[in-house]
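Biologist: Please show me the model, and then let us go through the labels attached to it.

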Amino acid sequence: MRVWIIFLLCLAGHAMAAPTEEEPVVEELVTEEPVVEDVAQETEVGANPVQIEIGDFDEAIEVVEEEEVVTENACLNHHCKKGKVCEVDESNTPMCVCQDPSTCPAAEGEFEHVCGTDNKTFDSSCQFFATKCALEGTKKGHKLHIDYIGPCKYIEPCLDSELNEFPLRMRDWLKNVLVTLYERDEDNNLLTEKQKLRVKKIYENEKRLQAGEHSLDLLAHDFEKNYNMYIFPVHWQFGQLDQHPVDGYLTHTELSPLRAPLIPMEHCTTRFFEQCDGDNDKYIALDEWAKCFGIKEQDVDNDLII
């Protein structure tokens with residue numbers, strides 16, 4: 001349980017960190033003792049901060065000796081998705097190409113290993129995404145995803161009785177994660193003001209079941225008696241995962257930050273999320289997600305994803 005909470009703290013902190021953009025740097029033209037009269041120079045910056053065009057100089061400029069242009073590496077501020085690296089062509093135009101898996105940094109330990117859905121262990125996520133990139137456009141590449149964190153190992157089959165127990169622990173875990181974030185959120189970096197107001201009601205409720213190792217019977221009883229405390233945590237987790245893009249559906253990739261660390265600890269994780277996809281369309285909608293966690297249809301509310 002402690003491992004789960006620490007994992008979600010890292011996930012929430014990462015998701016809510018505002019990205020920063022570096023201002024592109026344009027290096028000046030370097031000349032040797034030019035004689036310049038009435039210089040006019042304009043710089044236009046396109047949508048990509050790396051692609052900068054230098055405007056025409058005034059025709060009255062006289063150059064004693066030939067100019068030497070210092071060209072900036074166009075890849076400095078050009079970002080590629082995982083598995084790709086930036087290279088420039090002859091005209092210094094940046095482009096993303098698949099990374100050679102052999103160029104990935106060596107793993108420092110087994111904790112960096114990942115198991116793919118092809119049941120193959122990759123030394124690191126870098127090696128995995130580089131391999132997946134090389135398979136782009138193929139059936140094998142389309143089906144290849146990170147299954148879970150750590151080396152591939154035997155995962156016990158999930159029995160029907162165990163599958164019914166899984167959401168009991170997950171619901172309680174989500175509630176405790178939110179309470180922990182609320183307790184540590186002094187600078188409003190972990191939760192928004194609206195989220196804090198929701199969690200505050202749960203935190204201050206005297207009937208709240210405190211975090212701990214509880215029996216399944218107690219968890220089931222608490223869900224029945226304090227049902228309203230679980231509605232927001234289930235919606236909150238859906239909103240945390242629905243990011244790429246924000247469209248009201250969870251894909252396998254969007255689920256990965258949650259399911260990949262859980263599988264080695266909870267062997268019913270894969271079967272649980274497969275069951276959530278009620279119509280088998282490879283997407284989990286909010287109503288499907290809520291149903292998996294026992295939330296009543298009338299309590300499913302898009303406005304709770306804040």
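Modeller: Cys126 comes to 22% relative accessibility and counts as partly exposed.

Biologist: Why does Cys126 count as partly exposed?

Modeller: Buried means under 20% relative accessible area, exposed means over 50%, and partly exposed is in between (1.4 Å probe, protein chains only). Cys126 has 22%, so the label is partly exposed. Before we go on: this is a predicted model, where local features need pLDDT of at least 70 and side-chain atom pairs count only at pLDDT 80 or more, while totals for chains, interfaces and linings use all residues. Residues are numbered from 1 along each chain as its sequence is written, and side-chain values use heavy atoms, with hydrogens and water left out.

Biologist: What makes Cys104 buried?

Modeller: Its relative accessible area is 12%, which is under 20%, so Cys104 is buried.

Biologist: How do you know that a disulfide joins Cys104 to Cys126?

Modeller: A disulfide is a pair of cysteine sulfur atoms within 2.5 Å. For Cys104 and Cys126 the S to S distance is 2.1 Å, so the pair qualifies. The torsion about their S-S bond is about -80°, so this disulfide is left-handed. Cys104 lies in the loop between β4 (94-98) and β5 (114-116) and Cys126 in helix α2 (residues 125-134), so the link ties together parts 22 residues apart in sequence. Helices (H or I, at least four residues) and strands (E, at least two) are DSSP runs, numbered from the N terminus.

Biologist: How many disulfides does the structure hold?

Modeller: The structure holds 7 disulfides. Among them is the pair Cys276 and Cys292, with sulfur atoms 2.1 Å apart. That pair links helix α9 (residues 269-276) to helix α10 (residues 286-292), with the two cysteines 16 residues apart. Both Cys276 and Cys292 are buried.

Biologist: Which residues in α8 meet α9?

Modeller: Leu255, Leu258, Arg259 and Leu262 in α8 meet Thr269, Thr270 and Phe273 in α9, where contact means heavy atoms within 4.5 Å.
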